[in-house]
Amino acid sequence: MANRRIDNPILNSPFEAPARHVRFDDDGITDEVVDGRRRSSHLTPIPAVKKRGGRSAQAELEYAEERVDRVVENTFVNQVRDQVDRWRALGHPGVTATTRRLLDHWTDPAREKRFFFCQIEALETAIYLAEFAHKDTGGAFFQNQLRDYADEHNPGLYRVAHKMATGTGKTVVMAMLIAWHTLNKAANPQDGRFTDAFLVACPGITIRDRLRVLEPSDPGNYYDERDVVPPELRARLSRATVVIANFHQFQRREKVNAARTTKALLTRGRADTEGVFTETPDQMVLRVCRAFRTKRSIVVLNDEAHHCYRTKAVPSDVLAAASNGGGRLKLSADEKAEARDREAEGRVWVGGLEAVHAKLGVKTVYDLSATPFFLSGSGYREGTLFPWVVSDFGLVDAIEAGLVKIPRVPVEDDAAPANRDDDAPTYRNLWLRIRDQLPKKRPAKELAAPTEPLLPSVLEGALQSLYGNYATSYRRWDQAGVSATPPVFIVVCNNTAVSKMVFDWVAGWVKADGSVVPGHLKLFSNVVDGRLTSRPSTVLIDSAELESGGTMSPEFKAAAATEIAELKAEHARRHGAGAADDVGDEDLLREVMNTVGKPGKLGEQVRCVVSVSMLTEGWDANTVTHILGVRAFGTQLLCEQVVGRGLRRRSYAVEQSDDGERFPPEYAEVYGIPFSFIPTDGTGPTPKPPKPTTRVRALPEREAAAIIFPHVVGYRWELDDDDRLDASFDKTSELVLSSRDVPTTTDVAGIVGELEVHTLDELRRVREQEVTFHLAKRLLHTEFTGHEGEPKVWLFPTLLGIVKRWMADPHGLVLRDNAFPQLLLLAERQADAVARIHRGIVRTAHGFSRLRPVLREWEPLGSTAAVDFETVKKCWPTRPDRCHVSHVAEDSGWESRLAQALEELPEVVRYVKNQGLGFTIPYTAAGRPHAYVPDFIAGIDDGLGPDDLLNLVIEVTGQRTDAKAEKVATTRDLWVPAVNGHGGLGRWAAVEVTDPWDAHATVRAAVVAHASASPAERIP
């Protein structure tokens, strides 16, 4: 295994289905890269052979508890995946029109914010099962199998699980699920497959607060931030009711605070007292789900769903088999305590959902988790995958796609083995070497007493070694100007006593006489120059207690008393002397934990986090680079859960390579966690620090340079009954048909026998008059309808004449090779023709003042004030008096050159690059709606003064393509006249810049052209 090291396991594009993978064999992962996608599988622990000889009985017993992991294929997942792959290849047949629009929007390669393949695949799987499986050969089997799993494991709850590694975007998938259901329900309220009521259940307060982005009305919602919904459908999303609850809210609360004896007297020994002092299940549901009001048949989204399952009673024969080596039911004291806690949490969570189902009805439960497995103490074999998992993009897949950091663990050292059978590196499975030297749980008074922290030498060595690597990374980040916040080092301990000892050793401690002792690790010490700092570099956290929302234990408060005092002082410094009195200790520590790595927040400068227990899922600090485990890790599952806290990438900037688009590797250094998925030991070249990022944002002090723009989602005509339409056609009106696009003859032949030629003769026999009729009809129904969507049928004769003129015009239909006009009956060609004819109609002078924009209902106007993002692109600082936004992020040198030109032109009052702005222009190509993102907007004084600027939409064109021509023509012929026709959105024009070094002349010519246009062309 020493030679099985992979320098860079990033093999695939994050946006495409995996095309290569690293092969596993019986000894684990190899260094051999093979073509194709890895089959879904998981590791399950099996008992190791007991090894004897030369050791005490106690040591032999402990060694016998160690296990190995065996690869087990996920047969059901692979069956579903294969069927979904075939369905995708066919173009997703059998879905609703709304679903079709969403799939087109999500998979559009021109998107500014592209979704990862794993996100698309999760949605495709959910859509396939709900909309097409019952029509597909073999698809009904999957639905029946899921119902059988529900009956066996979750009676009454139909559950569908999606396995997605930490950092692959599960929250975005939840937003996509909500959009898919809600928009389909809005389009067809009678369709029982869909709903607009959603209960999002999660394991803690941190995740609950972060999941507010799933509420359509939240200012930072993902539907807008991640462009989940097409603009023309966004208003319908307001129908969704989203309730977000941490599972602790399912706990039935006491209604009356009374002693046990009082309760006994009041109930007089009655057996049935439910609801007297404690909420009934129905009352709990009404409290948690009050926002649903009269809505029924809801969808549940379970975030971190591996917490949500019922334990299974273990029959006596299984117990006997386990004792003979057939499984592992023997648990340590700590493991038993954890199993009890998990069982209690799962009982509350599942019981809450069952109560919701009984009261409101649950249509489907969508489980999302990186690790949907049964754990020890569950009654199932430890590491068993939830059988209702239907899609899988696991950690190794995520590493190979570059979606997460690459965990690196010790693979070799120069220490003598602890025993002759154990040649693992010392810092790999640290717990086995230090557990007997660490303190057990202690009462609060002992933790509060000043005690010098004395660590086992092996643990101290691990801290010093890992810290040495951290210090090197810290210096590299600092020199490269990577971030305003430092890299983060986390330590995960097994109890409060151990975490207190580690914390004091790392950060420093206070003696009985009040003097302070600095910590042993300089960058982590909270003691500087003999005094406690006001901004702690190291914090002590009990994530389990903070996430429950309850009060912290006396033991933890005693351990963290000094730290809490420091944080209160810092909070007061930031928010005023009395501010600390309004914040509880729990709230203060929760804020610190949730803002680690976030500039301008209380936790921004934290470098080290010492955790009493497993760090909570959803803790999304992407600056974690080093992890040390000081606790037991029985399986790879537990290892993955802890390592997952450090796997979130810092940068998602794509780099081009010989193999296509790839994310550059980022690393997490891991000690004390025997993680063995990817044996990357880092002995190759020193990894580069992350690229420096620039925060591009609107600056409040530059508000005078703000630009307001309309959110246009479509176009409509305002016509009187006696209106007469006309059209003019130019080069952009041409539609070329040839056999290059659609073959007109096809040769077919068998292995032997005659060759046969297939043709489109049946299509060719259609009369041309019928072709013009179909084009005119489509033009009428898509472009000339009233407010209620009814076509203005009196316009049909005029439109029919315009269509005939277009087909005969030199700038209309152009036929090449063997092409013929009847090819216009093909849907995509017909849509292209209608789009060109419509623009020709708009281009006539009479039509300019009558075209109107359809604005986004929920947000008709946008502003530069919304821009705020980080980028690794080269950035060009903007002039404070010309641009509301701090920088122009360069996709090429042309952007900075054009920005420079706009800052030089005296006519330009303000400008902005359209990145992170959300300004799009709707257009149609091949019969499908798209959104075009122009490059710049500039506000220009064209002689009417600074209060009446001409807003110029600027497109920088490097290479002229048909797609670019379509976008520019739509802007000029539809968007500009429609927005100007509104009358209340300002004055607008558009220009295409083909040479940024001649931008002055091009922009001035566009302004002159606008000024010379007729009044009807410019403004009503």
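Is Trp988 buried or exposed, and at what relative accessibility? In this predicted model, Trp988 counts as buried, at 0% relative accessibility.

Phe919 belongs to the loop between strand S35 (908-913) and strand S36 (921-925), whereas Trp975 belongs to helix H29 (residues 962-982), so the contact ties together parts that are 56 residues apart in sequence. Both Phe919 and Trp975 are buried, and the relative accessible area of Trp975 is 0%. Elsewhere, one aromatic cluster is formed by Tyr467, Tyr470, Tyr474, Phe489 and Phe524.

Two arginines are placed over aromatic rings. The charged end of Arg114 sits over the ring of Phe15, at 4.1 Å from the ring centre. Arg408 lies over the face of Tyr667, and the distance to the ring centre is 4.2 Å.

In soluble globular proteins, nonpolar side chains tend to be buried together. The largest nonpolar core of the model has 106 residues, and those that touch the most other members are Trp106, Trp180, Leu214, Val228 and Leu403. When residues up to four places away in sequence are not counted, Trp106 touches Arg111, Phe115, Ile120, Leu123, Ile127, Met176, Trp180 and Val228. Apart from this core lies another, of 80 residues, with Tyr715, Ala833, Val956 and Val1003 among them.

Trp106 is also one of the buried residues of helix H3. This helix (residues 97-107) is mostly covered, with eight of its 11 residues buried. Besides Trp106, the buried residues are Thr98, Thr99, Arg101, Leu102, Leu103, Asp104 and His105. The elements that cover the buried residues of H3 include helix H4 (117-132), helix H6 (170-187) and strand S37 (928-932).

Strand S19 (residues 624-630) is largely enclosed by the rest of the structure, because seven of its seven residues are buried. S19 pairs in the parallel sense with strand S12 (residues 488-493), over six bridges. Within that pairing, Val624 in S19 stands opposite Val488. S19 also pairs in the parallel sense with strand S22 (residues 667-671), over three bridges. There, Leu628 has Tyr671 in S22 as its bridge partner.

The structure holds zero disulfides. For Cys608, the closest cysteine sulfur is that of Cys493, at 9.4 Å; a disulfide would need the two sulfur atoms within 2.5 Å, so this separation is too far for a bond. Cys608 is buried, with a relative accessible area of 0%. Cys875 has a relative accessibility of 18%; because buried means under 20%, Cys875 also counts as buried.

Note on methods. Residues numbered from 1 in each chain as written. Predicted model: local features only at pLDDT ≥ 70, side-chain atom pairs only at ≥ 80, totals over all residues. Heavy atoms only, no water. Core = buried A, V, L, I, M, F, W, Y, C linked by side-chain atoms within 4.5 Å. Buried < 20%, exposed > 50% of the residue type's maximum accessible area, 1.4 Å probe, protein only. Contact = heavy atoms within 4.5 Å. Helix = DSSP H or I, 4+ residues; strand = E, 2+ residues; numbered from the N terminus. Pairing = 2+ DSSP bridges. Phe/Tyr/Trp six-rings, centres within 6.5 Å; stacked < 30°, edge-to-face > 60°. Lys NZ or Arg CZ within 6 Å of the ring centre and 35° of its normal.
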